[in-house]
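Notebook open. I want to go through the helix packing first, then the pocket, then one loop.

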Amino acid sequence: MDAHWLLLATLCLGLFGAGQVWLVQLSSYPLWRFVGPHEFEAYHWAWWRSIWGPVLSPAVLTFAGAALMLRWPPPGAPAWAAPLGMALQALLVLGTAAWWGPLMARIQADGGGLDPGRYRLLMTTHWLRVALVTGFALLLIWMTAASGWAAA
């Protein structure tokens, strides 16, 4: 495996993920407040099914790229860069599995509609997820520059 191409592919996925997480934080989640209480359950379920291809599939590939860079680190990048990237991805997966995923699954109020308290909690804590995804993308940009992609 060519470590340069692995880095480039992971960089593309990381940048895609960063754009996606900012769109979700600044546009998608804020729009949930405008869905009526009787329509929210159907809307939320349709939203959940719709993100599997464009959001979850690239996220899985990004995680795989970070893991593969442990075996084939970018040449020219410091030895700690690939493990740091994997740590950011691991924190993202653990946070999603333990916190954000379950919170989003319980975002509906008992009587229907959006639960205001859980929604506020999601909107404030999701900034950490935005930071993890963005930090990983910035790390990949830095690793790409450090590896001298243009000189390869």
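I looked up where H1 touches H3. Leu6, Leu7, Thr10, Leu13, Gly14, Phe16 and Gln20 of H1 meet Pro54, Val55, Pro58, Leu61, Thr62, Gly65, Ala66, Leu68 and Met69 of H3. Contact here means heavy atoms within 4.5 Å. By class, I noted 11 nonpolar, five polar and no charged residues for H1 with H3. My classes: Ala, Val, Leu, Ile, Met, Phe, Trp, Tyr, Cys and Pro are nonpolar, Asp, Glu, Lys and Arg are charged, and the others, Gly among them, are polar.

A note on the source: this is a predicted model, where local features need pLDDT of at least 70, side-chain atom pairs count only at pLDDT 80 or more, and totals for chains, interfaces and linings use all residues. Numbering starts from 1 along each chain as its sequence is written, and side-chain values use heavy atoms, with hydrogens and water left out.

Next, the geometry. H1 (residues 3–31) and H3 (residues 52–71) pack at about 140°, axes 9 Å apart. That makes H1 oblique to H3 (under 35 degrees is roughly parallel, over 145 roughly antiparallel, 65 to 115 roughly perpendicular, the rest oblique). Axes are lines fitted to C-alpha atoms, for helices over the stretch in contact, and angles run from 0 to 180 degrees between N-to-C directions. H1 passes H3 in a left-handed crossing, meaning the near helix is turned anticlockwise from the far one by less than a right angle.

I stepped back for the whole protein. There are five helices and zero strands, taken as DSSP runs numbered from the N terminus (helices H or I, at least four residues; strands E, at least two). The C-alpha trace spans about 60 × 20 × 20 Å along its principal axes.

What does H3 meet in H4? Ala59, Thr62, Phe63, Ala66, Ala67, Met69 and Leu70 in H3 meet Ala82, Pro83, Gly85, Met86, Gln89, Ala90 and Val93 in H4. I count 11 nonpolar, three polar and no charged residues there. H3 and H4 pack at about 145°, with axes 8 Å apart, and H3 passes H4 in a left-handed crossing.

On to H2 and H3. Their angle is about 45° and their axes are 6 Å apart, and they are therefore oblique to each other. Trp48, Arg49 and Ser50 in H2 meet Trp52, Gly53, Pro54 and Leu56 in H3. This contact divides into four nonpolar, two polar and one charged.

Then I checked the largest pocket, with a volume of about 820 Å³. A pocket is an open set of points on a 1 Å grid over the protein atoms alone, where a 1.4 Å probe fits, with protein on both sides within 12 Å along at least five of seven lines; lining residues have an atom within 4 Å of a point. The volume is the space filled by probe spheres set on the points, which are joined across faces, edges and corners. Of its 36 lining residues, Ile51, Val55, Leu56, Thr96 and Arg129 are the closest to the centre. H1, H2 (40–50), H3, H4 (81–105) and H5 (116–146) each give two or more residues to the lining. The lining has 24 nonpolar, 10 polar and two charged residues.

Last, a loop: what does Pro37 touch beyond its neighbours within four places in sequence? Pro37 sits between H1 and H2, in contact with Gly112 and Gly113. The C-alpha atoms of Pro37 and Gly112 are 5.3 Å apart, though 75 residues separate them along the chain.
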